[in-house]
Amino acid sequence: MKKFILKLIIFLLPLSVGLAGLEYIAFKSPNSYRYKDEYVMQHGDSIKTLILGSSHSFYGINPNFLENSSFNVANVSQDLKFDCYLLERYLKKCPNLQYVILPISYFSLSSPPLDNGEEKFRIKFYEKYMGYNDTTMNIFEKLEIYDIPIFQEKISNYFKYKFCDVKDFGFDSLGWATGYVFSKIDDNIENDAIKTIKRHTPQVGVFYVENILSLNKIAELCKNNNIKLYFITTPTLCEYHERLNSDVWNYTTSTVNEVCIKYNASYYNYIDDDRFHSDDFFDIDHLCWQGTEKFSKILNDDIFN
Amino acid sequence: MLFNSIEFLVFLPIVFILYWFVFKQLKIQNLFLVIASYIFYGWWSKEFLILIAITTLLSYVSGILIDKFKNNKTQQQFVNATNIILNLAILGYCKYCNFFGGSFVQLLNFIGFKADWVTINIILPVGISFYTFQALSYSIDVYRGKIKPTRDIVAFFAYISFFPQLVAGPIERATNLLPQMLKRRQFDYYSAVDGCRQILWGFFKKMVIADNCAVAVDTIWNNYQSESGFTLFMGGVFFAFQIYGDFSGYSDIAIGCAKLFGISLKQNFNFPYFSRDIAEFWRRWHISLTTWFKDYVYIPMGGNRCSMQRVLFNTIVIFLISGIWHGANWTFIIWGLYNATLFIPLLILRKNRKNIDVVAKNKFLPTLRETSQILITFVFVVFGWIIFRAPSIQMGINYIERVFSNSFFSFEMPYGKSVAIGIIFMLIVEWFNRDRSYGLQFNNYGILKYSALRWIIYYSIIIATILFMNINQRFIYFQF
């Protein structure tokens with residue numbers, strides 16, 4: 001027995017060291033969360049416009065086309081709770097902040113918070129790279145290796161960054177996501193729309209209090225700090241917005257309008273804007289490069305001019 | 001609790017250390033095994049622990065009563081039959097209630113009676129088929145006098161709930177496993193090392209082969225109407241390796257874990273895809289289930305010691321039951337009958353026991369004839385798996401029709417190219433150890449006598465598993 005345990009320890013030792021090394025490499029791997037936090041911490045005083053939100057703004061708003069010095073701190077599946085957390089975190093670091101752009105999507109109020117959903121694993125990125133203090137995940141869930149596909153991708157990115165001089169990891173220097181280059185709209189668009197709407201409508205009639213509270217808190221923070229808050233809804237294809245559950249969408253927009261009145265914010269709704277066509281979209285509800293440029297310019301004109 | 005989870009990687013060493021270092025006395029050790037096994041099972045669902053406890057108690061009490069009534073055959077039969085009926089009733093309710101109810105409603109609607117059915121929406125307890133059959137084998141063997149009933153209830157609970165094989169087999173026999181629970185286990189270094197090696201191989205088959213094949217299979221099935229015939233055929237091939245990697249991988253992990261605890265479980269897969277005919281395939285695939293059906297259904301029905309018509313009938317019944325055992329879908333039944341159709345000609349020609357020995361015994365490579373036999377058998381098996389995998393009979397028919405379309409000759413394979421490399425690697429390893437009980441069981445011969453080289457192989461497999469595993473797939477056989 002002693003021989004077995006001794007040999008097992010000797011066998012597992014290099015493996016454990018190797019895995020610990022890979023865990024460290026994955027942690028150090030370039031990613032948007034680390035980059036954005038470090039950027040704001042270092043260059044916060046130059047930021048006048050902060051773009052929050054989920055993938056709709058991560059891919060859909062390019063700060064390069066906004067007049068005021070802008071930075072995009074949106075991330076995939078980022079919900080209102082984390083938008084609020086980031087705003088609070090960055091307010092101190094951005095003394096010259098004048099505008100906040102917060103996208104409102106169809107699912108903003110009706111989707112379960114991140115720590116209750118399928119993408120709970122993203123919380124550990126906020127904890128590791130953005131100073132968030134999480135209490136919902138156990139010690140194993142916080143390991144990089146716990147989410148294997150992401151772990152594998154992070155290891156790959158690290159080695160590309162270190163040894164292949166790759167600098168592009170899906171976002172540019174102002175935080176905009178560069179991955180959706182061309183339109184991928186095809187004949188399957190109806191099916192895609194049905195699947196997407198189904199995913200974005202977990203339970204009709206259920207709205208999460210946490211989301212509404214976060215929405216109000218963001219607006220309150222902006223008002224108290226003399227920051228102009230702009231709610232915006234990014235454009236979508238008609239196959240998407242025609243299928244929205246009207247109760248869900250009406251409740252969301254009316255809630256946002258109430259917040260606007262209460263906190264002197266503004267709301268620009270481009271969900272069914274007919275200036276956008278299928279060429280402008282990567283998929284049913286995300287813009288591609290062409291559409292992002294168009295939308296960012298329109299937004300710039302509407303907000304700043 | 002899944003084998004391929006961090007929780008299990010923590011659970012196993014803790015149980016191992018406590019088992020050998022703390023709970024050394026037999027009864028305490030067995031009690032600890034029961035607690036650990038119930039924690040293992042309850043990690044998935046605490047509610048269904050009551051079901052496994054009920055099944056265990058029913059069989060335990062039956063064993064005692066059967067022995068008590070040893071001078072009264074009628075009462076013995078009554079107890080045995082009651083135990084069988086009750087256990088199968090629980091199994092039947094959990095597995096087949098919605099199926100039969102729904103099918104009955106369809107039949108009524110078909111003949112003009114409007115009917116409705118409220119789906120009870122029963123959740124299928126994980127592993128229920130496996131532990132139920134294991135419990136039944138005990139009481140039947142006691143009834144037959146093959147084994148003396150035990151009064152050690154803790155050992156009996158340990159026998160039924162032993163966590164490595166609890167949820168997906170191998171289905172153990174009381175004659176093999178129960179005596180091991182009743183006597184003190186000795187730690188054996190070489191068995192433990194062998195166990196670790198088998199666990200490693202099981203994880204490789206499950207996490208690299210099966211889980212990556214699953215991605216290709218799901219993609220192909222989701223778009224089967226627009227894929228070429230060759231792609232669809234390859235979808236069948238990938239599913240063949242998915243189910244093999246999944247199920248035999250689980251069995252290897254189970255058997256390997258058992259070795260760590262000084263317990264020997266029966267081999268469940270014997271390299272079935274090297275079979276030269278369908279009869280040999282069924283002697284090598286899910287051995288614990290096929291032998292269970294043989295010993296407890298086929299032989300009591302007369303087996304092959306009766307007229308040819310009766311033998312054929314018995315054979316069809318066994319394959320039918322085997323299909324039904326897999327689940328509540330007509331496709332499983334058709335799959336069973338399909339295999340019966342392939343098996344029967346061999347039976348009639350008395351060639352079902354022609355290929356008993358390992359293929360190409362003592363040879364490096366098979367002959368051309370053996371190779372063609374293996375490939376032909378494999379193709380037939382693949383079409384069976386297509387039926388097995390199909391969500392409905394109609395889809396299965398459509399899928400197979402499309403395989404035989406002109407588009408077969410496009411030889412397109414847009415999916416699964418990388419996992420194909422893993423499959424080839426696995427087949428090569430298993431080919432060279434086809435006379436052993438699992439693929440990685442090399443006996444330190446030749447250059448493998450150097451431990452450094454063996455460790456390099458182990459590390460390579462571990463790294464390959466970490467780099468290429470696809471963690472989002474569940475074990476297929478959990479649903480049975």
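How many residue pairs are in polar contact between chain B and chain A? The count is two residue pairs, both at pLDDT 80 or more; a polar contact is a pair of N or O atoms within 3.5 Å, where within protein one must be able to donate a hydrogen and the other to accept it, and residues adjacent in sequence count only if both atoms are side-chain atoms. The model is predicted, so that local features need pLDDT of at least 70 and side-chain atom pairs count only at pLDDT 80 or more, while totals for chains, interfaces and linings use all residues. Residues are numbered from 1 along each chain as its sequence is written, chains are lettered from A and ligands numbered from 1 in the order in which they are written, and side-chain values use heavy atoms, with hydrogens and water left out.

**View 1. The interface of chain B and chain A.** Chain B gives 23 residues and chain A gives 19 residues to the contact (heavy atoms within 4.5 Å). The two chains bury about 1900 Å² between them, 81% of it on carbon and sulfur atoms; buried area is the accessible area (1.4 Å probe) that two parts lose on being put together, summed over both. B:Ile6, B:Tyr189 and B:Tyr459 supply 29% of the area that chain B buries against chain A, more than any other three residues.

**View 2. The side of chain B that touches chain A.** Helix 1 (6-22), helix 8 (189-222) and helix 17 (451-468) of chain B each supply at least two residues; helices are DSSP runs (H or I, at least four residues), and strands are runs of E (at least two), numbered from the N terminus. Helix 17 of chain B gives the largest share, seven residues.

**View 3. Salt bridges in chain A.** A:Glu141 and A:Lys120 form a salt bridge (3.9 Å, N to O), defined as a side-chain nitrogen of Lys or Arg within 4 Å of a carboxyl oxygen of Asp or Glu. A:Glu141 lies in the loop between helix 5 (123-130) and helix 6 (148-163) of chain A and A:Lys120 in the loop between strand 3 (99-103) and helix 5, so the pair ties together parts 21 residues apart in sequence. Both residues are buried (under 20% relative accessible area, 1.4 Å probe, protein chains only).

**View 4. A salt bridge in chain B.** The closest N and O atoms of B:Asp246 and B:Lys206 are 3.1 Å apart in a salt bridge. B:Asp246 is buried at 2% relative accessible area, and B:Lys206 is buried at 0%.

Note on methods. Buried < 20%, exposed > 50% of the residue type's maximum accessible area, 1.4 Å probe, protein only.
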